[in-house]
Amino acid sequence: MIKYETVIGLEIHAQLKTESKMFCSCDNYSVDAKPNENTCPICLGMPGTLPVPNKKAIEWVYLLGLALNGKIAEKFNFERKNYFYPDLPKAYQITSSTKPPVIGGRVEIETEGVIQNIRINHIHLEEDAGKLIHPKLGEYSLVDLNRAGTPLLEIVTEPDMRAPREARIFMQDLRSILRYLSISDANMEQGNLRCDANISLRPVGQKELGTKVEIKNINSFKMIERAIEYEVERQMELLGENKKVVQETRGWDESKGKTLGQRSKEEANDYRYFPEPDIPPLEPYSGKEIDFDEIKAWLPELQKEKSQRFINEYNLSTQDAEILTSDLELSRYFEQTLEELPDITKNDEIKKQKAKKVSNWIISEVLAKLNLAGISISDCKVNHKDLAELLDKADHGEISGKIAKEIFAEMFETGKNSEQIIKAKGLSQISDTGAVKVMITEVIKENQGPVSDFKAGKEKAFGYLIGQVMAKSRGQANPQVVNEILKDLLDKE
Ligand SMILES: [Zn+2]
């Protein structure tokens, strides 16, 4: 039996979060807008209008290109891709795939401990189309052109992935890079990150690619893996029965859990590409328009570098460092909270100990609550200053660890700070030796049995007595103070 190898390449679309659209000054943020509110004669495709490219969008393509180690092309050209569809009023899309701004590049992914380079073929810039809305009861469709003209990056990979899982990991890593660069929200569920997958099989050892099938409009991470897995099995079955795989475009049907044929190669459009006559070609190195030194200065520390730094600088475990850097905002929250602690010194050991505490708190308390509420760290009501203040109070014995967690729960719900909650509820830990002494004296009186046991050398009885004092104080006595005074008083018994 012939053994087959899976070959996967991806084409990814990511909407850029620039303030204005790609070729006009319309607002690029339309989440709260009424249909067709953010439109103008340019993005409505009125005759006689002139597109003006958005400089920020061009700079951001170069920024991504540099982050992925791609080559900046000497010259890049906008061109027209002609097709008719109701969501595209101009009847052409302005794109740049023939002479793209960035050529080559790579993303390093890790699957089960194996590092692999996924090569990028090129990155180009284009504009998004509008949206069609199909009312359930009407025999008509509505057109919303708020999205028409949104700057869109297309990232095309080489066919370097060999398993559905690798495609998912690649997409997750790319999402992290886009978010760390702050150029796209890169949210698949909200449609600002989408991908098409090209899948083919070939006998192991053969260089030439097999017939490819394209799955269009994958819009969740779960779907990437499932849709590709299904498609690989489908093609495997065909080849096993000596049937041919037809080159076609297929769509994923979530309810049926399978891919369905949409159009074959014969039906494919001829887009009649030609250079956009209204926008001159851009030679980024020739003029002063694009300042690459400035763009290089924008390059941030990316997730993998940050995670490695957290391991080295704070002695965190790989797992904790990865969790904390999985979201740029979360990694900032961690470092800001740590810096806010009053006694952070340059002493590495103290810094590492505190970092471990802050990391544990964020992972076990903050993240758990965020996940439960289904919100992200940017919507968290507890800011880093308030969290640092709470952790500092627990650290100095002003409140116990248990009480600190209760206070945090309330801070998370109400947005109040720890001081306000402690005052309102009288939760401050009892460190006042006078008050503790009174409680201990009572406990000794009430527990003469264990007291004699302790006197007779039974160490366990001491722990029991501590427990009784803590219970009497409803957990609010400072354990260290209880310990010292109890020892003192038992000696005098
Ligand atoms: Zn416009």
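Tutor: Here we take the terms one by one and set each against its definition.

Student: What should I know before we start?

Tutor: This is a predicted model, where local features need pLDDT of at least 70 and side-chain atom pairs count only at pLDDT 80 or more, while totals for chains, interfaces and linings use all residues. Residues are numbered from 1 along each chain as its sequence is written.

Student: How do you know where the domains lie?

Tutor: The bounds come from an automatic or database domain assignment. For this protein chain the assignment gives domain 1 (4–294), domain 2 (303–425) and domain 3 (433–492). Taken over C-alpha atoms, the centres of domain 1 and domain 2 are 38 Å apart.

Student: Why is helix 10 called roughly perpendicular to helix 11?

Tutor: Helices here are DSSP runs of H or I with at least four residues, and strands are runs of E with at least two, numbered from the N terminus. Axes are lines fitted to C-alpha atoms, for helices over the stretch in contact, and angles run from 0 to 180 degrees between N-to-C directions. Helix 10 (residues 401–414) and helix 11 (residues 418–425) pack at about 115 degrees, with axes 10 Å apart. Under 35 degrees counts as roughly parallel, over 145 as roughly antiparallel, 65 to 115 as roughly perpendicular and the rest as oblique. Therefore helix 10 is roughly perpendicular to helix 11.

Student: What makes residues of helix 10 and helix 11 count as meeting?

Tutor: Their C-beta atoms, placed from the backbone, must lie within 7 Å. Ile-407, Glu-410 and Met-411 in helix 10 meet Ser-418, Ile-421 and Ile-422 in helix 11. The residues of this contact split into four nonpolar, one polar and one charged. (Nonpolar covers Ala, Val, Leu, Ile, Met, Phe, Trp, Tyr, Cys and Pro; charged covers Asp, Glu, Lys and Arg; the others, Gly among them, are polar.)

Student: And why is helix 14 called oblique to helix 15?

Tutor: The axes of helix 14 and helix 15 (residues 479–492) come within 10 Å and cross at roughly 125 degrees. That value makes helix 14 oblique to helix 15. On the helix 14 side the contact is made by Leu-465, Ile-466, Val-469 and Met-470, and on the helix 15 side by Pro-479, Val-482, Asn-483 and Leu-486. By class, that is seven nonpolar, one polar and no charged residues.

Student: Which residues does helix 13 bring to helix 14?

Tutor: Helix 13 brings Pro-450, Asp-453 and Phe-454, which meet Ala-461, Phe-462, Tyr-464 and Leu-465 in helix 14. Here the count is six nonpolar, no polar and one charged.

Student: How do you know that strand 6 and strand 7 pair?

Tutor: Two strands pair if DSSP finds at least two bridges between them. Strand 6 (residues 106–111) and strand 7 (residues 114–127) have six, in the antiparallel sense.

Student: What makes strand 4 and strand 15 edge strands?

Tutor: They belong to an open sheet of three strands in the order 4-3-15, with antiparallel pairing. Strand 4 (92–95) and strand 15 (274–275) each pair on one side only, and that puts them at the edges. Strand 3 (residues 79–82) joins strand 15 over two bridges, with Arg-80 opposite Phe-274.

Definitions and conventions. Contact = placed C-beta atoms within 7 Å.
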